[in-house]
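Subject: Structure handover

Hello,

Here is the structure you are taking over. Please open it alongside this email and follow the notes below.

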Amino acid sequence: MSKLENLKKMRETGIVAVIRAENAEEALKITEAVKKGGVEAIEITMTVPGAVDVIKKLTEEYSSDEMLVGAGSVLDSETARTCILAGAEYIVSPAFDKETVKLCNRYQKAVMPGCMTVTEVINAMEEGADVIKVFPATLFGPKIISAVKAPVPQAPLMPTGGVSLDNVKDWIKAGSWAVGVGSALSKGAKTGDYDKVTETAAEFVRLIKEAREEIA
């Protein structure tokens, strides 16, 4: 699918699963579990041992229609290019790096840099970022979304860090484009309970849909 189609797919589901794991095998198991729960956008972070190989395996096994695989915790353009060549359809960074955004636009892959201030948000948008990852969102809470969108209503904001089942509806109602969810989504994997991961994923999807219906 094209970049615009991929962004539309992410926006419709409203959640990106941030996969952090002790090893590649665990990352693959978590990915399968969240997919069963209805989460279609998977972010394999570079902190996972063998992360690029995991991306390659997933993109060889699934089409982007079935699972949208991206790379997270990408710090530079060199890593972004490696991930894109392995099959990543989008790149997520913890901070804004101009060269990474430029490279992603060159390859026409969605790019989501991390920002904390209105200045960073505007700078990232001006350089061509597709979505702004509000990170670490746990420091602010949902009010940061409405606060940023007051002067910059056109900003597509995706909070990551601190999004949970208890507050996901608040994040959506505050104006989030989508949410990135990591540990709150996959904590069942810590005890090997991947069914719990699937249940949690399905609940996130349900709550996001419900919140959007309530504000429609």
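**Helix packing**

Helix α1 (residues 3-13) packs against α10 at an angle of about 90 degrees, and their axes are 9 Å apart. An angle from 65 to 115 degrees counts as roughly perpendicular, so α1 and α10 are roughly perpendicular to each other. On the α1 side, the contact is made by Arg11, Glu12 and Thr13, and on the α10 side by Val205, Ile208 and Arg212. Sorted by class, the contact of α1 with α10 has three charged residues, two nonpolar and one polar. Please keep in mind that this is a predicted model.

In general, the packing of two helices is described with two values, the angle between their axes and the distance between the axes. The two pairs below are given in that way.

Helix α10 (residues 194-215) also meets helix α2 (residues 24-36): their axes come within 7 Å and cross at roughly 45 degrees. That angle makes α2 and α10 oblique to each other. The crossing of α2 past α10 is right-handed. From α2, the residues in contact are Glu26, Lys29, Ile30, Ala33, Val34 and Lys36, and from α10 they are Tyr194, Val197, Thr198 and Ala201. Six residues of this contact of α2 with α10 are nonpolar, three are charged and one is polar.

How do α4 and α5 cross? The axes of helix α4 (residues 77-85) and helix α5 (residues 98-107) come within 8 Å, and the crossing angle is roughly 25 degrees. Angles under 35 degrees count as roughly parallel, so α4 is roughly parallel to α5.

**Spaces in the model**

How many cavities of 30 Å³ or more are there? The count comes to one. The largest cavity holds about 40 Å³ of space. Its lining consists of Cys115, Met116, Thr117, Val121, Val134, Ile144 and Val148. Of the residues in the lining of the largest cavity, six are nonpolar, one is polar and none is charged.

The largest pocket holds about 290 Å³ of space. It is lined by 20 residues, and those closest to its centre are Val18, Arg20, Gly182, Ser183 and Ala184. Two elements, α2 and α9 (183-186), each give two or more residues to the lining of the largest pocket. Which of the elements gives the most to this lining? The answer is α9, with three residues. By class, the lining of the largest pocket has eight nonpolar, six polar and six charged residues.

**Backbone details**

- The peptide bond from Phe135 to Pro136 is cis, and its omega is near -10 degrees. Pro136 sits in the loop between β7 (132-134) and α7 (143-149).
- Ser73 has a phi near 55 degrees, which is a positive value in a residue other than glycine. This residue, Ser73, is in the loop between β3 (68-72) and α4.

Regards

Methods
Residues numbered from 1 in each chain as written. Predicted model: local features only at pLDDT ≥ 70, side-chain atom pairs only at ≥ 80, totals over all residues. Heavy atoms only, no water. Axes fitted to C-alpha atoms, helices over the stretch in contact; angles between N-to-C directions. Helix = DSSP H or I, 4+ residues; strand = E, 2+ residues; numbered from the N terminus. Parallel < 35°, antiparallel > 145°, perpendicular 65-115°, else oblique. Left-handed = near helix turned anticlockwise from the far one by under 90°. Contact = heavy atoms within 4.5 Å. Nonpolar A, V, L, I, M, F, W, Y, C, P; charged D, E, K, R; others polar. 1 Å grid on protein atoms, 1.4 Å probe; cavity = no way out; pocket = protein on both sides within 12 Å on 5 of 7 lines; lining within 4 Å. Points joined across faces, edges and corners; volume = space filled by probe spheres on them.
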